[in-house]
Amino acid sequence: MSAESARTEAAAPKAGRLPVLLWLAWRFLPPLDRRDQRTLTWVAASCAYLAVPTTVGLAATRMPAITLLSLLCLAVPALPSWWLSAIRLGDRRRETALALRQARINTRAAAATSISRQILYPAVGSIVGTALISALHRPLGRALPAGAPLSVAIKESSGHWLVAASIAVLLLVGLTAALGSARSAELYRWIKKLTARLDRREAAPQPQ
Amino acid sequence: MSLPSDNPVLNAVGLNYPADGSVLRGAHLAVGEGEAVAVLGAAAAGKSTLLGTLCGMLEPASGSLWANGRPLHALPPDQRDEVFRRRFGVLPQDCRLLPELTVAENVALPLRLAGMTLNRAKERSRIWLERFEIEEYAESSAAGLTKPVLRRAALARALVGDPVVLLADEPLADLAAQTAEATARILRSIAVSHGTAVVVFTRDPITAAYFNRTVKLAEGRTDAQPASPPPAAVPLLAATGDARLGLPLGPGR
């Protein structure tokens with residue numbers, strides 16, 4: 001095959017790029033190794049957990065300060081694992097996008113293709129969490145004592161649990177992407193460095 | 001001083017980057033069809049930046065860039081990206097493959113994006129893998145590759161689309177002496193057999209010696225003389241390029 005004919009053949013698109021990009025997005029979904037699997041499990045589990053207070057908060061018609069505080073306290077245990085796994089997910093996305101750009105895919109298409117796992121895993125986790133709270137909010141409302149801070153939000157819900165659940169899923173997926181950004185990763189590393197420095201200072205021997 | 005090619009496929013004239021010229025100051029480079037050129041420079045001489053400006057990853061603050069007589073600096077960004085994507089093969093220093101795909105799938109990816117069917121693209125990619133003597137890794141995942149294999153696979157990916165220009169940043173790094181020599185021989189033979197203009201960026205004089213011509217790069221300046229842009233293309237530059245992009249005129253004007 002002559003050089004020019006090969007170039008012409010390569011230049012003539014026989015099928016669209018979209019199926020190839022979709023195929024790539026599909027190939028990026030399964031975890032690559034154990035570490036990857038752990039990250040994806042953590043991000044999905046964190047989103048599932050956070051979906052509960054988020055959906056309750058969005059569905060509530062009335063939100064006294066004590067209820068809001070209770071929902072925030074309920075969310076706190078999942079925040080570190082959510083942030084850390086979102087950062088790892090974001091790092092992987094950026095690496096994938098870079099590799100795609102090296103394979104002559106333009107920046108926009110590379111970003112759109114590499115984002116598949118950053119959407120899927122938080123979305124699956126959030127859907128599981130919202131489905132659970134949507135299904136269980138009535139029995140939970142009955143079980144909670146009348147004076148409990150969360151009973152106000154659960155019992156006095158707007159009734160639009162489906163809307164609240166949909167918004168919660170979108171919100172958690174969006175926030176996971178934001179937490180996976182380069183700036184968020186930089187902030188995390190800065191905090192980590194700062195705490196390590198403080199630890200060292202504490203461990204330094206005191207003058208007699 | 002290195003003499004420019006008479007009929008350059010790639011012609012960079014007076015590239016500056018960034019605006020204050022702190023990295024590149026009026027770098028010239030002209031490479032003809034079938035020529036294999038090494039750009040030799042110490043660390044921080046501006047090699048990777050020159051590569052970035054030549055392959056469209058970085059936008060030079062001033063200067064002009066021509067490929068096959070077309071003024072790339074005067075083209076709209078979309079058209080320019082398309083030319084870079086279709087006609088240029090690039091091997092960056094930190095070359096990466098997609099670990100989710102096999103080596104053959106990685107190499108075949110540019111062809112698949114250009115519209116070739118999976119089987120044909122894989123067939124073509126195998127030819128290049130055989131040429132670089134890594135065909136036994138074709139069906140291996142790209143995740144656990146050693147650096148020498150990774151670099152040769154990335155070279156195969158850069159060449160599989162039969163580019164007019166190949167820009168390679170340290171293509172022989174991490175390779176054993178024998179493999180490096182064989183890879184350099186392949187690059188030289190590709191330049192001759194495919195008419196590809198091969199430009200290798202290196203800081204190693206031994207690597208540079210493998211290629212037909214050496215252009216020295218120091219403090220953002222090359223020792224190459226600027227080649228004149230084709231006269232037919234000058235009016236296009238005058239009409240669209242300079243005023244819109246704010247680029248200075250080439251030396252032919």
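Helices (H or I, at least four residues) and strands (E, at least two) are DSSP runs, numbered from the N terminus. By that count, chain A has 10 helices and 0 strands. This is a predicted model, where local features need pLDDT of at least 70, side-chain atom pairs count only at pLDDT 80 or more, and totals for chains, interfaces and linings use all residues. Residues are numbered from 1 along each chain as its sequence is written, and chains are lettered from A in the order in which they are written.

**Chain A overall**
- Of its 208 residues, 34% are buried (20 or more other C-beta atoms within 10 Å of a residue's own, with C-beta atoms placed from the backbone).
- Take the contacts (C-beta atoms within 7 Å) between residues at least 6 apart in sequence: in chain A, 82% of them join residues at least 24 apart.

**Where chain A meets chain B**
- Here 22 residues of chain A are in contact with 25 residues of chain B.
- On the chain A side, α1 (3–11), α2 (18–27) and α5 (79–102) each give two or more residues, and α1(A) gives the largest share, 5 residues.
- That side has 14 nonpolar, 3 polar and 5 charged residues (Ala, Val, Leu, Ile, Met, Phe, Trp, Tyr, Cys and Pro count as nonpolar, Asp, Glu, Lys and Arg as charged, and the others, Gly among them, as polar).

**A look at α4 of chain B**
- The buried residues of α4(B) are Ala121(B), Lys122(B), Arg124(B), Ser125(B), Trp128(B) and Leu129(B).
- Seen down the axis of α4(B), these buried residues fall within an arc of 165 degrees (taken from the directions from the helix axis to the C-beta atoms), so they line one face of the helix.
- Their cover includes α3 (103–113) and α5 (147–159) of chain B.
- Just after α4(B), Glu133(B) has a positive phi of about 60 degrees.

Key:
A residue is buried if 20 or more other C-beta atoms lie within 10 Å of its own, exposed if 12 or fewer, and partly exposed in between; C-beta atoms are placed from the backbone. Two residues are in contact if their C-beta atoms, placed from the backbone, lie within 7 Å.
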